[in-house]
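Welcome! Here is a short briefing to read alongside the structure.

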Amino acid sequence: MLTYQFDWSIVTSGKYFEWLVSGLMVTLQISTVGIVFSFLIGLLIAVMRMSHIRPVRWFAHAYLEFFRNTPLLVQIFFWYFGSYKIFPTVINDWLNSTNFEFAAAVIALTIYTSAFIAEDIRSGVLSIPKEQLEAARSAGFSYLRSMQYIILPQAVRITIPPLVNQFLNLAKNSSLAMTIGVMELTYQARQVESYTFKGFEAFTAATLVYLVLSVVITALIHQYNIRVLNPHRA
Amino acid sequence: MDGFLNFQVIADNFTYFMIGRFPEGPLGGVGLTLYLALVSCVLSLFGGMILGLLALSKNRLIYYPVTILINAVRGVPLLMVIFWMYFLLPALFGTVAETNTVIMALTVFTSAYMSQIVKAGIEGIPRGQTEAAISTGLKPWQAMLYIVLPQGMRNMIPSFVNQFVSLIKDTSLAFIVGVSELTHVATQINNRTMAFPTEIFIFIAVIYFILCYAFTSFSRWLEEQLAWRKAI
Amino acid sequence: MKKLATVVMTVVLAGFMAKTSLASDTLADVKKKGVLVAGVKDSLPPFGYVDEKSRQIVGYDIDFVNAIAKKLGVKVELKPVTSASRMPQLQESHIDIIAATMTKNADRAKVIDFSNTYFFTGQKFITKKGTVKSLKDLEGKKIGTAKGSTSEQNVKKSIPTASVLSFDDYPQAFLALQQGKVAAVTTDEAILAGILAKAPNKGQFEIPAVQISDEPYGLGMRKGDKNFVEFVNKAVLEMEKSGEARKIFEKWFGPNTQFHLSRTFKIAAGK
C-alpha cells in the first residue's frame with residue numbers, strides 16, 4: 001500500500017530548491033519595500049493624528065481604525081481586483097503593464113502595516129515627557145519644527161524595536177500575497193507540493209526559513225534594546 | 001464595465017453573504033466567520049492560559065520546550081500553521097473536517113500570542129502578593145490560582161478582546177482551504193458575477209470593520225472601566 | 001530537548017504510518033456511514049457552482065456524484081475544493097471522491113486512482129477578440145490559470161517564454177483578463193466555454209482555435225481502493241449504457257444551454 005516516502009533531496013538541491021530560494025527573495029523584496037513605505041506613511045499618519053487641526057486628526061483616526069480593523073486578505077483582494085473601477089483607464093493600463101501583482105501586494109501590506117506603525121510611533125511620542133515639547137515651543141520652535149527636531153528623533157529611537165517587529169510581521173503577512181499569484185515563499189512551497197506531492201518536505205523547508213528569519217530579527221532587537229536603549233543595564 | 005459602482009449584487013446575494021447555504025446546507029458567510037472566531041477564541045483562552053503558566057515555570061524541562069514552542073508558532077505566518085494542521089491533524093487523528101482544521105490552526109496560533117498576555121499579566125502582579133499568600137499557608141499553585149491569576153486576569157481582559165478582534169480578521173484565511181466563511185463566500189459570488197469585484201470587496205471590508213470596530217471599542221471601554229475600579 | 005523532539009517526531013511518523021497502512025475500503029465505509037463525501041468545484045459553471053436562487057452547489061460533476069450515490073443508496077455531501085487542494089483532501093480522507101474537473105495524467109495516477117473518463121476536452125485559451133491567432137502571439141505575455149492544475153504545467157511547456165500567473169481558481173484568472181492584467185487565460189475548453197457564457201461582456205472575448213493538449217477527466221479515488229474504483233467504473237459505464245450520462249451532458253452543455261457543445265466522446269471501459 002501507499003506509504004509516505006520522505007525525500008528531503010527535493011528541497012535541498014535542484015529545481016525545487018531554486019524555486020524556494022526565489023520565493024524567499026520575493027518575500028524579502030516585498031518586506032523591504034513595504035517597511036520603508038509603511039514607515040513613511042505611518043510617520044505621516046502619526047503626526048496627523050496628533051495635529052491640532054480637527055479634520056486632519058479625524059482623517060488620520062479614520063485611516064487607522066479602518067485599516068487596522070479589516071482583514072489584510074480582503075485588502076489585498078480589494079487593491080488587486082477591486083481598485084479597477086476606482087482608477088481611470090490610463091492608470092489601469094499603466095498598472096497592468098507593470099508587475100501589478102507585486103505592486104498590489106506591496107500597497108495592501110504597506111497601508112495595513114502603516115496603520116500599526118503609526119500607533120507605535122504615537123506611543124513612542126507620548127512616552128517623551130510633555131515638558132520637552134513645551135520647552136521647545138518656548139525656545140521659539142513652531143509645533144512642526146519641535147516635532148521634527150526634538151520629539152520625533154527621540155520617539156523614532158524608542159520606536160525602532162516595535163518597527164523591526166513590524167518588519168517581521170510584514171514578512172509573515174506577505175505570505176497572503178500568494179492568493180493573487182505573487183510567487184513568494186509560501187506560494188513556492190505550495191507549488192513544490194503540487195508538482196511533487198511532497199508537502200511535508202516543502203512546508204518544513206519554508207517553515208524553517210521563516211523561523212530563521214524571525215530568530216535573527218528577534219536577536220537583533222534584543223541587542224538593540226541592550227546596547228542602545230538601556231546601555232547602563234548591560 | 002461602466003465605471004459606476006452597482007451594489008445590486010450585494011442585495012441579490014445578501015442572505016448568502018450572511019448565512020451561506022444554511023439551513024438546507026452548512027452555515028457559511030458572516031455566521032461561519034463569527035462561529036470560527038468564537039470557538040477558536042474560547043479554546044485559545046484555555047490554551048493561552050496553560051502555555052502562559054507553563055512558560056512561567058521554574059522547571060527548565062518545562063520552561064524551555066514551552067518557550068520554544070510559543071516562539072516557533074509566533075515566528076511563522078498563520079497561513080503556514082493552517083497548512084501544517086492540514087497535514088498533521090489527519091495523520092494524527094484520522095479524518096478532520098476543514099472547519100475544525102481551521103479552528104485548530106487558529107487556536108494554536110492565537111494561544112501562542114495569548115500566552116504572552118497571560119505571562120505579562122501575571123508578571124505585573126507584585127511578587128509580594130505571592131509571598132504573602134504562601135506565608136499564610138497556601139501552596140504555590142494555590143497562591144497562583146486563587147490570588148495572583150484573578151488579579152492578573154483583570155489586566156488581561158482588554159488584551160483578550162483585542163485578540164478576539166485579530167481572530168475575526170484571521171478567519172478570512174480559512175478561505176484558502178475552502179471553508180465558506182465571509183471571504184470565501186465573497187470570492188464565490190465575485191467569481192460567478194465577474195463584474196462587481198469593487199462592490200463586493202468594499203462590502204465585506206465594511207462588514208469586517210463593523211464587527212472588529214465594535215469589539216475594539218468594547219475593549220477600550222473595558223480598559224477604562226477596569227482602570228477606574230482599580231483606582232478605588 | 002533532543003528527547004522531546006524524538007518523541008514528537010515518533011508520534012508524527014507513527015501517525016503517518018497508521019494512516020497510510022490502513023487498507024482503505026471506501027465502498028464499505030461509505031455504505032456504513034450512509035454518506036458519500038465528494039470534493040467538487042463551487043464556482044466553475046457548468047461543472048460545479050452555487051445556484052443563486054437555491055444557494056446550493058449544482059453542475060455536471062455534481063450530477064455524476066448524485067448518480068453514483070444513488071446506486072450506492074447513500075446521501076451526498078458536497079465539499080468545495082480547488083485544483084490545488086483536491087488531492088491532499090482525498091489522501092487525507094476529507095473526501096471520498098474527487099469530481100472536480102480533474103484531468104487524468106500519469107503523474108497523478110501514481111498517487112491516486114482514476115475512474116473511466118467521464119468528460120473529454122482539450123486545453124485552449126480565452127483572449128480579447130482578435131489578439132491571438134497562434135501560440136506565437138502569446139510569447140512573452142502574462143497568462144493566467146489556476147494553481148496546481150495540469151493547465152499550468154502544460155502551458156509552461158508549450159510557451160516557455162510566457163510568464164504564468166496562477167490564481168486560486170479560473171474565474172479569478174478571467175477577472176484578471178477582463179481587467180487587462182493578463183493577455184490570456186488557459187485551461188480546458190469546456191471550462192473556458194462555461195466562464196465565457198457567464199461573462200457579463202462576452203462579446204469582447206473569444207476562444208481561438210489553438211489547442212495545446214487533450215484533457216480527459218476522471219473521478220479521483222484513493223490509490224489501491226479497488227472495490228470502490230470498480231464500483232464507480234461500473235456505475236459510469238451503466239450510466240453510459242442507460243443514456244443517463246448523455247442526458248447529463250445535454251443538460252449542462254447541449255443545445256438548450258449557452259454552450260452548444262456536441263458530445264464527441266463515449267464513456268468506455270479501460271479509458
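Helix α7 (residues 127-135) of chain B packs with α8(B) at an angle of about 120°, their axes lying 9 Å apart. Axes are lines fitted to C-alpha atoms over the stretch in contact, with angles from 0 to 180 degrees between N-to-C directions. This is a predicted model, where local features need pLDDT of at least 70 and side-chain atom pairs count only at pLDDT 80 or more, while totals for chains, interfaces and linings use all residues. Residues are numbered from 1 along each chain as its sequence is written, and chains are lettered from A in the order in which they are written.

**The helix pair in chain B**
- B:Q129, B:T130, B:A133 and B:I134 of α7(B) meet B:P140, B:A143, B:I147 and B:V148 of α8(B); contact puts C-beta atoms, placed from the backbone, within 7 Å.
- Six of the residues in this contact of α7(B) with α8(B) are nonpolar, two are polar and none is charged (Ala, Val, Leu, Ile, Met, Phe, Trp, Tyr, Cys and Pro count as nonpolar, Asp, Glu, Lys and Arg as charged, the others as polar).

**Where chain B touches chain A**
- Chain B brings 30 residues to the contact, and chain A brings 29 residues.
- On the chain B side, α10(B) gives the most, with 11 residues.
- That side of chain B has 23 nonpolar residues, six polar and one charged.

**Chain C**
- Chain C holds 10 helices and 14 strands (DSSP runs of H or I, at least four residues, and of E, at least two).
- The C-alpha trace of chain C spans about 60 × 60 × 40 Å along its principal axes.

Terms used:
Two residues are in contact if their C-beta atoms, placed from the backbone, lie within 7 Å.
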